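Trainee: Could you walk me through this structure before I start working with it?
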Amino acid sequence: MKTAKTKPPLLKYYFLTFASLSFLILFFLFSNQRRHSPTSFLTTTAATTHSSSASEVDLKIRPGYTSYDAYIQRQLNKTLNPKLRKIWMTRDWDRKIHVFSNFFRELQLQNLLSNSSKSLCIGARVGQEVEALKRVGVSDSVGIDLVPSPPLVLKGDFHNQPFDNETFDFEFSNVFDHALYPRKFVGEIERTLKPDGVCVLHLALSTRADKYSANDLYSVKPLIHLFQRSRLVRVRKVDGFGLDTEVIFRKKKTTQRSRFHF
């Protein structure tokens, strides 16, 4: 009789305990699922990554490259094209040097470039922009390209520049659209620029670039996102051989505190 009276309370206690634990487990699983759901993740990311979604929309990598070697070979198809090289070295030579010289003189007047600036031209082909820098007085200038053109252009891949950190005061390029990995392209510029160094890019925003381009850029927002160690100086319209926009960045000065921060 005594035992019969004690069983129901024990069963009731076990049942309530089991029900409470089940409720807590379900609540935890539901909360955890919401915390890691794609919608929640995207919302958090959008709030903390400085318009990363807009950057992705405005910068598209062109499909079709099965490997990095395939990408390099396609770029070489343009650079080694004998007809193009003949045009670059003859008909285009003086014309392009004249236009580039005018661009660089303007930068000198605005204190963005000086005769003492150690300068690099990225994707320089046969070196018209390098020659232009030398003609306006920036004597310590060199270019890099997949195919060297001595003495103005050294062999080099802009995804992996063959230079030490903080080498240059000034870097110029009009081949951003040929970068298969834009983040690496920009990262190498910021790596090899000295603090307070200047980077000038000429881009095609209003028109699509040529068939050898590896990406399409639709605004400057992705560049602002990519240049994480630099500040935007200015954006303006230009007329530069099919390129319509000039964007200038200046690398931020390294402070003593950040220099030893790990």
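Trainee: What kind of model is it, and how are residues numbered?
Mentor: This is a predicted model, in which local features need pLDDT of at least 70 and side-chain atom pairs count only at pLDDT 80 or more, while totals for chains, interfaces and linings use all residues. Residues are numbered from 1 along each chain as its sequence is written, and side-chain values use heavy atoms, with hydrogens and water left out.

Trainee: Okay, backbone first: which residues does a cis peptide bond join?
Mentor: Pro150 and Pro151 are joined that way, with omega at about 5 degrees. Pro151 sits in the loop between strand 3 (141–145) and strand 4 (153–155), where helices (H or I, at least four residues) and strands (E, at least two) are DSSP runs numbered from the N terminus. As background, most peptide bonds are trans, and most residues other than glycine have a negative phi.

Trainee: Where is Ser149, and is it buried or exposed?
Mentor: Ser149 is found in the loop between strand 3 and strand 4, and because its relative accessible area is 12%, Ser149 is buried; buried means under 20%, exposed over 50% and partly exposed in between, with a 1.4 Å probe and protein chains only. Ser149 and Arg125 are 24 residues apart in sequence, yet their C-alpha atoms are 7.4 Å apart in space.

Trainee: Which residues other than glycine have a positive phi?
Mentor: Asp196, in strand 6 (residues 193–203), has a phi near 75 degrees, and Phe241, in the loop between strand 8 (230–240) and strand 9 (243–251), has one of about 55 degrees. Asp196 counts as partly exposed because its relative accessibility is 32%, and Phe241 is partly exposed too, at 29%.

Trainee: What lines the largest cavity?
Mentor: Its lining has 15 residues, with Gln75, Arg125, Asp145, Leu146 and Phe158 nearest the centre. Helix 4 (68–79) and strand 3 are the elements that give two or more residues to this lining, and helix 4 gives the most, with four.

Trainee: And the largest pocket, what about that one?
Mentor: The largest pocket has a volume of about 430 Å³ and a lining of 22 residues, of which Lys78, Lys96, Asn174, Asp210 and Phe241 lie nearest its centre. Helix 6 and helix 7 each supply at least two residues of that lining.

Trainee: How do helix 6 and helix 7 pack?
Mentor: Helix 6 (residues 91–109) and helix 7 (residues 128–135) pack at an angle of about 55 degrees, with their axes 8 Å apart. That makes helix 6 oblique to helix 7, since angles under 35 degrees count as roughly parallel, over 145 as roughly antiparallel, 65 to 115 as roughly perpendicular and the rest as oblique.

Terms used
1 Å grid on protein atoms, 1.4 Å probe; cavity = no way out; pocket = protein on both sides within 12 Å on 5 of 7 lines; lining within 4 Å. Axes fitted to C-alpha atoms, helices over the stretch in contact; angles between N-to-C directions. Points joined across faces, edges and corners; volume = space filled by probe spheres on them.
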